[in-house]
Amino acid sequence: MTSNLKALDCTLRLFVIPLSIASIWLSITNQQNNSSYGKLEFTNFTGLKYMVTISAASGGYALLTAIALWVRGLVTKAWVFFVSDQLVAYLMVTSLAAIWEILYLAYNGDQMVSWSEGCTSFGKFCSRLKLVLVLHAITLCCFLALAVISAYRVFSRFQPPSKDNEEEKEMH
């Protein structure tokens, strides 16, 4: 069971790397020029820059931890993986939310502040951004699975509370 779990863990970590690279590449090369409204590119959006930063960090982290899984003595504490996997998963959630917000506003606008939707004018940009969202969501799912695996590794080392122990505590 442990070797299967280790193989799944390593596979998920390695799977994350090309997904991260693809979402970064699609984001930073995403641009579209419109004769009426000008040029729209990745650098115009702080949320996209944030997502690229988190993708790069998570891809690098995935590579380092995949190596650490197989090199004895590099990281021997299961709780290190647990804490860092949780942290990366949470950061992935925030960066996914940033992309989601950009796409929502691009497709729907915000009438309260007089923003019209922009995807009719910048359709190619929006289409590529949707693909980035999908790749980033798959990466997030991988990190959520990794967080569960690392949590299992940490908490399976402890005995579950037994009825005998609970009864003894109640008596004292």
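This is a predicted model: local features need pLDDT of at least 70, side-chain atom pairs count only at pLDDT 80 or more; totals for chains, interfaces and linings use all residues.
Which residues make a nonpolar surface patch of about 320 Å²? The residues are L14, L63, I67 and V71. L14 has its place in helix α1, which covers residues 2-28. With a relative accessibility of 43%, L14 counts as partly exposed.

The protein has 172 residues, and buried residues make up 41% of them. It contains five helices and two strands. Read from the N terminus on, the elements follow the order α-β-β-α-α-α-α.

The UniProt annotation "transmembrane region", from an unreviewed entry, covers residues 12-30, 50-75, 87-107 and 131-155. Two of these spans can be described from the model. Residues 12-30 are 89% helix and 0% strand, and the C-alpha atoms at the ends of this span lie 27 Å apart. Residues 131-155 are 100% helix and 0% strand, with end C-alpha atoms 36 Å apart.

The largest nonpolar core has 38 residues, and the members that touch the most other members are L48, M51, M92, I99, F125, L129 and F143. Helices α1, α2 (46-70), α3 (78-108) and α4 (123-155) each supply at least two residues of this core. The largest share, 10 residues, comes from α4.

Along the chain, G59 and R13 are 46 residues apart, while their C-alpha atoms are separated by 8.3 Å.

R13 also takes part in a salt bridge. The structure holds four salt bridges in total. In one of them, the side chains of D85 and R13 meet at 2.7 Å, N to O. D85 lies in helix α3 and R13 in helix α1, so this pair ties together parts that are 72 residues apart in sequence. D85 and R13 are both buried.

Another salt bridge joins the side chains of D9 and R153, at 2.5 Å, N to O. This pair links distant parts of the chain, since D9 is in helix α1 and R153 is in helix α4, 144 residues apart. D9 and R153 are both buried.

The salt bridge between the side chains of E41 and K39 has a distance of 3.9 Å, N to O. E41 is partly exposed, with a relative accessible area of 26%. K39 is also partly exposed, at 49%.

The cysteines are the last topic. How many disulfides does a search of the whole structure find? The search finds one. The disulfide is formed by C119 and C126, whose sulfur atoms are 1.9 Å apart. The angle about the S-S bond is -85°, and the link of C119 and C126 is left-handed. C119 counts as buried at 10% relative accessibility, and C126 counts as buried at 3%.

The cut-off for a disulfide is a pair of cysteine sulfur atoms within 2.5 Å. C141 is exposed, with a relative accessible area of 51%, whereas C10 is buried, with a relative accessible area of 9%.

How values were computed:
Residues are numbered from 1 along each chain as its sequence is written. Side-chain values use heavy atoms; hydrogens and water are left out. Buried means under 20% relative accessible area, exposed over 50%, partly exposed in between (1.4 Å probe, protein chains only). Patches are made of residues with over 30% relative accessible area and no salt bridge: like charges are joined within 9 Å, nonpolar side chains (Val, Leu, Ile, Met, Phe, Trp, Tyr) within 5 Å. Accessible areas come from the Shrake-Rupley method with a 1.4 Å probe; for residues, only the protein chains shown count as cover. Helices (H or I, at least four residues) and strands (E, at least two) are DSSP runs, numbered from the N terminus. UniProt positions are given in the numbering used here, feature names are shortened, and annotations may be inferred rather than shown by experiment. A nonpolar core is a set of buried Ala, Val, Leu, Ile, Met, Phe, Trp, Tyr and Cys residues joined through side-chain atoms within 4.5 Å.
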